[in-house]
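The entries follow the structure shown here.

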Amino acid sequence: MKSSQFVVLIGLCFLSQCSAVVTAVAASPEGARPNIVFLLADDQSTYSVGCYGNPDVKTPNMDQLARDGVLFDNHYNTTSICMASRANIFTGMYEYKTGCNFMHGDMRQDVWNQSYPLALRKAGYLTAFAGKFGLVVDGKGLCEEDFDFWGGAPGQTSFDTAKNKSMKKYAEEFPHSTLSYAAFAKDVIHESVQREQPFCLSISFKAPHKPAVADPRFDHVYEGKTFTKPANFGREYSEHLSPQSKMGRQYPRFHDWNYDTDYDGEMRKYHQQIYGIDVALGMIRDTLAAEGVADNTVVIYTSDNGYICGSHGYGSKVLPMEESARVPMIMYDPRSPLNGKQIRCQALTGNIDFSPSILELAGLAPTENVDGLSLLSLLQDPTDGGHEQLAFINTWGPQATTSMTCLTKQFKYTYWWYGDKKMKPAEELFDTENDPLELTNLAANPEYSNVLEAMRGRYDHELDQWKSESVEYNDYQRYGTLFDRTVELDEKASLMGKNPPEDNANRAKDPNQAKENRRARRNPAKS
């Protein structure tokens, strides 16, 4: 913002007691309101990025972003599935407060009203979104009208740019959608510079979501490549994991998705999709430099959830294991004193932290119902901030696989509440600091009895928060009892087998959108 414009805004505020929007803009000193680029991959694991230690992959732009900024080693999604994770990111709230996930229901307007895109637009930012929006807001659908520039699409979107209505104009040059989003970003950044207005650009790539459709222009990158399997690859490393975790689609997908028979072929497709994102990231950063705003633009890169590509003999996501829950996260703020020092931040952070961080970047206070913490202090001192503990939630899929996890920087505790004639409720305790591949379940080890009790107590604290703060709709309250360690299984019988409402009072009023919502909930395999 130019100084002349700043003076005019202050004058307007003084003379006319102008709106809170202008007040918010005027209250921030010059240079304190950076542009923000938030980039979200779909189903990207940490082992898909070179800077996270995999020499088999090519991610030069992600690696450069990490060298320029700060890489976060202990960053988790508090729910590891598309819809719920996006709700966490937009609002900074746990799933049981957003009330939003497949098989549960859509987001209500009062929750969406606390999202970072709405707050920044009210504060004078130009806001833009492209890619997979991933959720629906009651009565508003995809919320296209809440953004100045729109390149989003319903459902899973398409890898075919021409099939994404809002992105068709980029299809001729970029027929595969991944690079089309970089072209969208170029237009948004240029327009923002022309308007002399700060921008918040959010892009949600479809890649590397299955079915794997990589951009053919990158076929040469991994042609003939073989990949080193992780040291916990295969079914022999699942014997110590709970029987409940084997009841969902993640377990058969080890075979169904050919990890056991064609690991290299599957990983070539997976990593080629991510290479496309890497190129898009480079294009976006080049645009920031060309437009002269790179020195005042914060870039955040992460994924909506991780991905299990054969570890422990599983596939997909959702489960609390490291490959599913932990994701890459890199932040570059040109004002940070840590830049260029190749800092790896060890603080415990989560996707609920993005909204309060983005709000603070814009000079705004976090919403009152937020669960996340701003990450900005960690860009000044990598030891100053983060969480003591986080909850990891799964209320999606077969009843047996639903569970809650509590994790700290060192330990991860999961209570598998479900039981029947074939299985009893189970506990898992992993020392993820010293056993990142989760090869040893310590729950029955007497040497860790004190740790187990401490983690149980932390878990109970997270469940107490659930019980006191979960929304009263979309089938979230009963989990306060199902996940309770102190309630006997037979006392939970009346809550077991309950089917979440397929459609309910808070569904979208648009009949076409409601049809799309029902389709998504009836076909979770496409999520």
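I started with helix H3 (residues 60-68), which lies across strand S2 (70-76), S6 and strand S9 (329-332). H3 runs at about 55° to S9. Helices (H or I, at least four residues) and strands (E, at least two) are DSSP runs, numbered from the N terminus. Contact means heavy atoms within 4.5 Å. Axes are lines fitted to C-alpha atoms, for helices over the stretch in contact, and angles run from 0 to 180 degrees between N-to-C directions.

I noted that this is a predicted model, where local features need pLDDT of at least 70, side-chain atom pairs count only at pLDDT 80 or more, and totals for chains, interfaces and linings use all residues. Residues are numbered from 1 along each chain as its sequence is written, and side-chain values use heavy atoms, with hydrogens and water left out.

I found 8 strands in an open sheet of mixed pairing, in the order S4-S3-S5-S1-S6-S9-S2-S10. Strand S4 (149-153) and strand S10 (343-350) are at the edges with a single partner strand each, so one side of each has no neighbour in the sheet. Neighbouring strands of this sheet are turned by 15° against each other on average, direction ignored. Two strands pair if DSSP finds at least two bridges between them. I checked S1 (residues 35-41) against S6 (residues 297-303): they pair in the parallel sense over 7 bridges. Leu39 has Tyr301 in S6 as its bridge partner.

I then picked Thr127, in strand S3. Thr127 is buried, with a relative accessible area of 1%; buried means under 20% relative accessible area, exposed over 50%, partly exposed in between (1.4 Å probe, protein chains only). Leaving out residues up to four places away in sequence, I list among the residues it touches Pro117, Leu120, Asp146, Phe149 and Cys200.

I went on to helix H12 (residues 354-361). The buried ones are Phe354, Ser355, Pro356, Ser357, Ile358, Leu359 and Leu361. Gly363 follows H12 and has a positive phi, near 80°.
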